[in-house]
Each structure stands twice: as C-alpha cells, then as structure tokens.
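Hi,

Here is the structure I promised to pass on to you. Have a look at it first, and then read my notes below.

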Amino acid sequence: MRNILFCGNGKVFDGVLTCMLSILKRTEAKEPFCFYIFTMDVTRIKPEYTPISGRMIAFLEKTAKEYNSGNQVVSVDVTGLYEKWFGGCPNEDAYCSPYTLLRLLADLVPGMPDKLLYLDVDILFQRDIRLLYDIDVSSVEYAAARDHYGKYLINPRYINAGVLLLNMEEIKKNGLFARARKLIQTKKLVFADQSAIIRSTHSKKLLPQKFNDQKFLHKHTVVRHFSKRLFYLPYPHTANIKQWDVSSLHRIFHYYEFDDILYEYIYLKKRFLKEENLQ
C-alpha cells in the first residue's frame, strides 16, 4: 500500500479531491492507496477552524474505492496533540493556517507507516505517482525538491516542504520532527513549519524540480504545485491560483492537460453538495 498524508479542515476538501483524483487517474499500479488526513478543532483561534467532516471523509473514500476497492481515506483527529505541542505557540498566527503544523506530529500518531508522502492540497499529478513515491529514501530523513524562489533568494539547496517523501523510521531515530516542534514552540519563524523542518534536517535527498514544479508545467513535470507565484505582466504582482478554480486555470495558465481530472471533480463536487442538501 502507498501512503499519502494531507492536513487541514473542511476547506481542504476541494484540494484533496482534485489531488486524489489526479493520483488515481494518472497511476496504473494495482496496489491500493491509503490517504491520511490529519485534522483538528481549533475554533478557539477562528470559528471556521473545525475538523474535516465525517461526510466529506466518507465521500472521499467512496470516490477512492471506485478506482480500487482496497483504497482507504482515514481521518485522524490530532487536536489533543496539537494543543499539547503547539497550543499558544508563537507560530499559531503564521502566514498560513495552523493546520500546516500538523505534519510535524506524524511521528507521534500511532500506526503511521514507515514511508509516507506528505502533500499540500494545492497539487496535481501529471504523471504516475510511482515516479516519486518509489524513490529510495532509506538512508535519509526525507526527499524534497528545491523551492522555485528560495533556491535563488535564500540558498541553492533551500527546499519547498509542500512535497515531502518521508522516511518516518529515520525521522523518529534522528528526532527531526521533535527538533522542529521545539523550534515552533520557542521561535517565531518566517515560514513556520517549512523553516522548522529545514533547520532541523540532518539528511535529505534533493529531487529534480519536476517533482515539485511551482511555476511551470512541462511535459516531464510529475507534480504541479499551485502555490503563490509571481507574474510580471501586465505589472509585477503575485497571484494564488488553485487547481479547483478551473476557469482561471484555463484563462490564465492555459492548462488543459488536467481537464479529465477537473471535469470529474466538478461532477463529483456537485454530487456531494446534492447529497449534503438531501441530508
């Protein structure tokens, strides 16, 4: 079984659904997937910070099983762990939501597999996930690609933590996440979880950019990461266009390679909302 980790609340539903569909539609392997979703209730911070709903999880799993009856979608409520390690920490109000910190708890959750692919939800696979997942990470803590902007502005080896192929056995042995949690608890970091991971790393494998393309889509691209990017025309500005905004994907990026994935997403999202209204 290949194991994938997402983190978030109900707002990640569209991202998880589109990313999951891209994995299932672009991968020919018969081996099933287990999609873990770490979630939590931190409505004390914001009212909308509620866990992803059971109905969303059930719908995602039903969809996954239509591709392979062995596929699973597992929701893990880590509210208690979050409050113990990160409650009230200096990075709760970081540039992104506190849900990005949840991957740093993966070594504390019982039963997690030794090999785990963490993915941000604003990601689509253009090619078979096995090209990434089957990379050998037995001698390192994780594998990751360079950050498109960070490799120029910060350090040539600066990585983007939106795609992390994790060797959980090595992470536990070397204490990578334990060190990262301590940094999150004690220091205000510019990029919070990503900064903590980078500062705490003992060993990593640098991957080619095709495993986390944050700006362009090439024929060889395996993972297209729809993170915030810089546009120069008609004037220098940033935009945060996500894959579930299908019209913008067509109008601005002129991407049509994902249409089979996105049209199925549109159909499934309508079906989900209809089922919700009938409850």
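Pro32 sits in the loop between H1 and S2; helices (H or I, at least four residues) and strands (E, at least two) are DSSP runs, numbered from the N terminus. Please keep in mind that this is a predicted model, where local features need pLDDT of at least 70 and side-chain atom pairs count only at pLDDT 80 or more, while totals for chains, interfaces and linings use all residues. Residues are numbered from 1 along each chain as its sequence is written, and side-chain values use heavy atoms, with hydrogens and water left out.

Back to Pro32: its C-alpha atom is 5.3 Å from that of Gly70, although the two residues are 38 apart along the chain. Apart from neighbours within four places in sequence, Pro32 is in contact (heavy atoms within 4.5 Å) with Met1, Arg2, Asn68, Gly70 and Asn71.

Arg2 also forms a salt bridge with Glu31, at 2.8 Å from N to O. The term stands for a side-chain nitrogen of Lys or Arg within 4 Å of a carboxyl oxygen of Asp or Glu. Arg2 lies in strand S1 (residues 2–7) and Glu31 in the loop between helix H1 (13–26) and strand S2 (33–39), so the pair ties together parts that are 29 residues apart in sequence. The count of salt bridges comes to 15.

Now for the helices. H1 packs with helix H2 (residues 54–65) at about 10°, their axes 11 Å apart. Axes are lines fitted to C-alpha atoms, for helices over the stretch in contact, and angles run from 0 to 180 degrees between N-to-C directions. H1 and H2 are therefore roughly parallel, since angles under 35 degrees count as roughly parallel, over 145 as roughly antiparallel, 65 to 115 as roughly perpendicular and the rest as oblique. Among the residues making this contact are Phe13 and Val16 of H1 and Met56 and Phe59 of H2.

Helix H7 (residues 176–186) and helix H8 (residues 192–200) have axes that come within 8 Å and cross at roughly 130°. That makes H7 oblique to H8.

Best wishes
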